[in-house]
Amino acid sequence: MEIAEAEPSTILIGFQIGKSESTGSDSDKPPYTLSALTDLLALIMGPACFNYLRTEKQLGYAANCFAFEDLGTVLHFYFYIQGSRDKAGPDVMNREIYNLIDQQRVLFHHLAGTDEGLTKFEGAKLALKQRISVRAKHTSLYSRARDFNSQIFSSTTDFSKVEKRLAAVEALTVGDFVEFYEQFIVGDGRRTITSQVYGASHVMPAELEEGEILVEDIEEFRKQLTDLF
């Protein structure tokens, strides 16, 4: 999509992971294993996303990657850049995001076989467990009521979700993490969608690449999604 009146351009690349409470491909794993792995990836890869995309490549004033739960049930992992640097439009942003993904793949495989990698992995698990525990604390009666209300009306009500999430993180191994990255981020069967929005700072390529769809009318495109997917 091209928006002439907007100065910066934006790219959002999303990877669909699966159901939040899923055990993943291994049924022996505890529930919320996929959720734990997605959150752990965001925690481990977050600094690299910022340093490579924003600091090193200077692709935009906003650049990060993060985990997201759609309606609290479906997990996604996103890469996001917004910027207006000359000759660094969404096509360049897209290329550098996948360069980063490949670089991290090599790094993860290397660290998986070292004591340094194991130490860093266990440190990341500890940080994630602390984050889960802090977010679970009710700071007021209002936050407690809001949490209970969301559980009551959730299609996957689970009042012991925090305990299960902590158990899922504790059970993770380096091998689980590398396998997760291979399957959902770099594997041939990964499920991904990319949104590129061109602002006034960049010129959209004249030809589309394989698999790309040019969307000029968002509302009309949304109506066609049922037929497309």
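Q: Why is Arg105 called partly exposed?
A: Buried means under 20% relative accessible area, exposed over 50%, and partly exposed in between (1.4 Å probe, protein chains only). Arg105 has a relative accessible area of 34%, so Arg105 is partly exposed. The model is predicted: local features need pLDDT of at least 70, side-chain atom pairs count only at pLDDT 80 or more, and totals for chains, interfaces and linings use all residues. Residues are numbered from 1 along each chain as its sequence is written, and side-chain values use heavy atoms, without hydrogens and water.

Q: What makes Arg105 and Glu182 a salt bridge?
A: The term requires a side-chain nitrogen of Lys or Arg within 4 Å of a carboxyl oxygen of Asp or Glu. The N to O distance for Arg105 and Glu182 is 2.7 Å. Arg105 belongs to helix 2 and Glu182 to helix 6, so the pair ties together parts 77 residues apart in sequence. Helices (H or I, at least four residues) are DSSP runs, numbered from the N terminus.

Q: What makes Lys129 and Glu170 a salt bridge?
A: Their closest N and O atoms are 2.4 Å apart. Lys129 is in helix 3 and Glu170 in helix 5, so this pair ties together parts 41 residues apart in sequence.

Q: Why is Glu170 called partly exposed?
A: Its relative accessibility is 45%, so Glu170 counts as partly exposed.

Conventions. Helix = DSSP H or I, 4+ residues; strand = E, 2+ residues; numbered from the N terminus.
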